[in-house]
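Let's take a walk through a protein chain together. Have a look at the fold first, and then we'll go through some of its details.

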Amino acid sequence: MYRGLRERRRLQQQYRRTVEHELIEPMSNLRSFLQTSSEDIGRAQSIGNLKPSRTASRLETWNVAFSPDGAYFAWTSGRCLTLVQWDKEKRAPDIAAANSLQVLAIDCGDYIWAVAIGQANVELSKKLVKPWARRFDFKTGYVVAVGLTNGNIKLFDLETGRFLCHLMDHKDTVRQLRFAPDGSLQLASCSRDHTLKLWDLHDDGNMYKTLKHDAVVNGFAWSPDAKFIATCGSGKTALLWSAETFNVIHRLKGHLNTVVSCSFSPDGALLVTASYDTRVGVWSVITGQMLASLGHLYPPPSLIFAMGLNGTFVRSVSFCPNGIHIASLADDGFVRFWNLLDTDEPSEIDTVDSGLCLKFSPDGSALSLGTRSGQVNFWRTPAVIAPLRHLCRMSIRKQTPSNRLHELGLPNALEDYVAYMTL
């Protein structure tokens, strides 16, 4: 732990030696970050890594994915899609099986930018599936989707690797894929062609809606109840859409540079966004207001610096299922764990070389991070005991739609707390 100025200086020298030994470029803001930290900051616990199964010139891991039940983990490296079982007891990937090649590896024929795993709700599928649908067997439940450079989406059976079909309508690279979290097997995809598209696998994968944007769509997220979709693009604004009416509910304005990643809290009340302006924004889904800003550069950059090549682009952000932690990845060479209830400084950090994306496991016990080398690193989520009042707040928000909070008749101060006006 970083306790006192002398201890921080000792750890600073230790970090410098580690950085030099591992041939990772030292970051200019490391000294100021450690010297100005007044609280205890721990080093995140690494729990292993997975390496690509082959050597090639382009092996970037732009996306990683877990199955909704936490049984499988998938990552991309160049043209290759690799799947491995996730050890629920150890709360880690089955690294022994991965290293012995007891994995499913698929050559997708083109460079992969996105991956998602869908798991059908069997009872729901019986109600939703169209009589003429023949492409998918919903008894197995698992479907893997990959988005390619040519704009196509390929679907595979997870357990056998059998190719199922192409989804073709995008005109440019598919940047991200996500299945709706309600088990309905609705697939959403965003692309550099300025669109987000929705596909229904219960209707043989037919595309049923296109949401148009003014710029490239870099990423998006479903809300936990699948009633909202948040999108972020090359502009400085994120959009919050209704997944029922497909109207824009809020335009989230406050970032100073491109917004590249977003993630909902497990109760659906908050949205976090990552931007090249060196910050992560925490937003209220009800009001569309920015409630907190997690800065990755100290001192905070000037307006011109934040809008340009500042060296601390925040590449990815993920909200932990425990409702407390937020993980962020920036170009300064650090992965950070933030505590939602104390956002002044990260609670834990660690170094990472050329990180691109990150995602928490469904149970929130581990964080996965993809890199430019095709390697995936894993960290244990910091242990924390959430305050009882925060747990009650999350429980209320999961059960009560945001637009109906006022019907609970809560005192003003309590309603503000439940609405996250006070973190």
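Trp199 has Met207 in strand 15 as its bridge partner. These residues belong to a pairing in which strand 14 and strand 15 (residues 206–212) run antiparallel over six bridges. Two strands count as paired if DSSP finds at least two bridges between them. The strands themselves (E, at least two residues) and the helices (H or I, at least four residues) are DSSP runs, numbered from the N terminus. Strand 14 and strand 15 make a hairpin with five residues between them, and Asp204 in that turn has a positive phi of about 60 degrees.

Before going on, a word about where this comes from. The model is predicted, so to speak of local features a pLDDT of at least 70 is needed, side-chain atom pairs count only at pLDDT 80 or more, and totals for chains, interfaces and linings use all residues. Residues are numbered from 1 along each chain as its sequence is written, and side-chain values use heavy atoms, with hydrogens and water left out.

**The whole chain**

How many helices and strands are there in the chain? There are seven helices and 30 strands. Of the 423 residues in the chain, 56% are buried. Here "buried" means under 20% relative accessible area, "exposed" means over 50%, and "partly exposed" is in between (1.4 Å probe, protein chains only). The accessible surface of the chain is about 18,700 Å², and 49% of that belongs to carbon and sulfur atoms; such areas come from the Shrake-Rupley method with a 1.4 Å probe, and for residues only the protein chains shown count as cover. Now take the contacts in the chain with a separation of 6 or more: 53% of them are between residues 24 or more positions apart. A contact means heavy atoms within 4.5 Å.

Five strands form an open sheet with mixed pairing, in the order 1-27-26-25-24. Which strands sit at the edges? They are strand 1 (42–43) and strand 24 (314–319), each pairing on one side only. Strand 24 runs antiparallel to strand 25 (residues 325–330), and five bridges join them.

**Helix 6**

Helix 6 (residues 388–399) has 12 residues, which should span 16 Å at 1.5 Å a residue; its end C-alpha atoms are 17 Å apart, which agrees. (The expected span is 1.5 Å times one less than the number of residues.) Which residues of helix 6 are buried? They are His390, Arg393, Met394 and Arg397. These four cover an arc of only 95 degrees around the axis, so they lie on the same side of helix 6; the arc is that of the directions from the helix axis to the C-beta atoms. Leu388 and Gln399, on the other side of helix 6, are exposed. Helix 7 (412–418) is included in what covers the buried residues of helix 6.

**Salt bridges**

The structure holds seven salt bridges, each being a side-chain nitrogen of Lys or Arg within 4 Å of a carboxyl oxygen of Asp or Glu. Among them are these:

| Pair | N to O distance |
|---|---|
| Lys197 and Asp169 | 2.8 Å |
| Arg279 and Asp277 | 3.0 Å |
| Arg404 and Glu407 | 3.1 Å |

Lys197 is buried at 6% relative accessible area, whereas Asp169 is partly exposed at 27%. Arg279 and Asp277 are both buried. Arg404 is partly exposed at 44%, and Glu407 is partly exposed at 49%.

Two residues have a positive phi although they are not glycines: Leu185, at about 60 degrees, and His194, at about 75 degrees. Leu185 lies in the loop between strand 12 (174–179) and strand 13 (186–191), and is buried at 1% relative accessibility. His194 lies in the loop between strand 13 and strand 14 (195–200). Is His194 buried or partly exposed? At 30% relative accessibility, His194 counts as partly exposed.

Finally, a cis peptide bond joins Tyr298 and Pro299, with omega about -5 degrees. Pro299 is in the loop between strand 23 (290–295) and helix 5 (303–306).

Notes:
The expected span of a helix is 1.5 Å times one less than its number of residues.
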